[in-house]
Amino acid sequence: MADKLFEDQRLADVYDFFDSAERPDLDPYIKLAEDLNARTVIDLGCGTGNLASRLAALGKKVIGVDPAAASLHVAKRKAYADKVKWVNGTIARLPDDVKADLVTITGNAAQVFLTEEEWISTLRKCRSHLVPGGRLVFEVRNPEKEAWKEWHRSYDVIEVPEKGKIETWIDLLDVQFPLVTFRHTFVFHSDGTVLTSESTLRFRTKTEIMDSLSEANLVVEDVRDAPDRPGLEWVFIARNPD
């Protein structure tokens with residue numbers, strides 16, 4: 001299901017303000033890129049470009065891929081954005097000869113693929129763009145923790161420079177496991193505008209993910225705990241064996 005949060009320019013413009021400016025969840029990806037000496041990185045589902053711009057600042061060749069033009073519009077305003085190649089679309093938009101040492105999928109992006117067909121297809125495309133021995137790294141939420149129960153009616157309010165007070169909350173709309181649908185509501189106090197954004201995520205078990213990686217001919221090297229959400233998420237690291 002399309003997520004208006006990343007497609008509506010007014011929402012995309014304030015998206016980063018609702019998250020920690022330090023983005024500790026991105027630190028392990030930065031470290032991994034350095035540890036692997038990855039020179040070229042594809043950031044799939046790059047959103048507003050936080051990881052892509054940080055990698056570019058380190059001198060990496062970075063390709064940021066996202067289907068939401070509004071998010072990329074925000075990404076292109078960030079420091080070092082001119083060093084990133086931005087692609088509006090999915091990984092299918094990349095030419096076959098584009099190769100990377102590392103492909104990253106951060107946040108909830110790995111869970112937006114709702115059918116097994118599109119998930120396996122995406123994994124295969126990721127592998128096709130990895131050099132031999134290149135890695136794919138992504139994070140997913142552990143379905144056993146039922147994170148969606150904590151999202152329901154979670155509330156936040158912030159003050160955004162030049163935009164004023166914005167409040168937001170989440171309503172859980174439907175749980176038909178493994179699919180969970182929820183809605184964000186945003187209220188802009190400056191003019192009373194109310195915008196909503198609906199999302200659906202698929203929660204896969206660890207076994208299902210391991211099997212899908214195997215089917216895509218990717219070798220699982222490690223499954224780590226997400227440092228920013230210990231016990232709640234897995235970080236998968238898989239290698240292209242070819």
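## A walk from salt bridges to a pocket

This model is predicted, and its count of salt bridges comes to 19. Let's visit a few.

**Stop 1: Arg-54 and Asp-27.** Select both side chains. They form a salt bridge whose closest N and O atoms are 2.9 Å apart. Arg-54 sits in helix H4 (residues 50-57) and Asp-27 in helix H3, so this pair ties together parts 27 residues apart in sequence. Arg-54 is partly exposed, at 30% relative accessible area, and Asp-27 is partly exposed too, at 36%.

**Stop 2: Lys-60 and Glu-34.** Here the closest N and O atoms of the salt bridge are 2.8 Å apart. Lys-60 lies in the loop between H4 and strand E2 (61-66), while Glu-34 is in helix H3. Is Lys-60 buried or exposed? Lys-60 counts as buried because its relative accessibility is 10%, under the 20% cut-off. Glu-34 is partly exposed, at 41%.

**Stop 3: the second largest pocket.** Stay with H3, which gives the largest share of this pocket's lining, 6 residues. Strands E10 (219-225) and E11 (233-239) each supply at least two. Select the lining residues, among them Asp-27, Tyr-29, Arg-224 and Ile-237. Colour the lining by type and you'll find 7 nonpolar, no polar and 5 charged residues. The pocket's volume is about 160 Å³.

**Stop 4: Val-160.** Now jump to strand E6 (residues 155-160), where you'll find Val-160. This residue is buried, at 2% relative accessibility. Which residues does Val-160 touch, leaving aside neighbours within four places in sequence? Show Val-14, Phe-17 and Ile-166: Val-160 is in contact with them. Val-14 is 146 residues away along the chain, yet the two C-alpha atoms are separated by 7.4 Å.

Terms used. Residues are numbered from 1 along each chain as its sequence is written. This is a predicted model: local features need pLDDT of at least 70, side-chain atom pairs count only at pLDDT 80 or more; totals for chains, interfaces and linings use all residues. Side-chain values use heavy atoms; hydrogens and water are left out. Helices (H or I, at least four residues) and strands (E, at least two) are DSSP runs, numbered from the N terminus. Buried means under 20% relative accessible area, exposed over 50%, partly exposed in between (1.4 Å probe, protein chains only). Contact means heavy atoms within 4.5 Å. On a 1 Å grid over the protein atoms alone, a cavity is a set of points where a 1.4 Å probe fits but cannot get out, and a pocket is an open set with protein on both sides within 12 Å along at least five of seven lines; lining residues have an atom within 4 Å of a point. Grid points are joined across faces, edges and corners, and a volume is the space filled by probe spheres set on the points. Ala, Val, Leu, Ile, Met, Phe, Trp, Tyr, Cys and Pro count as nonpolar, Asp, Glu, Lys and Arg as charged, and the others, Gly among them, as polar. A salt bridge is a side-chain nitrogen of Lys or Arg within 4 Å of a carboxyl oxygen of Asp or Glu.
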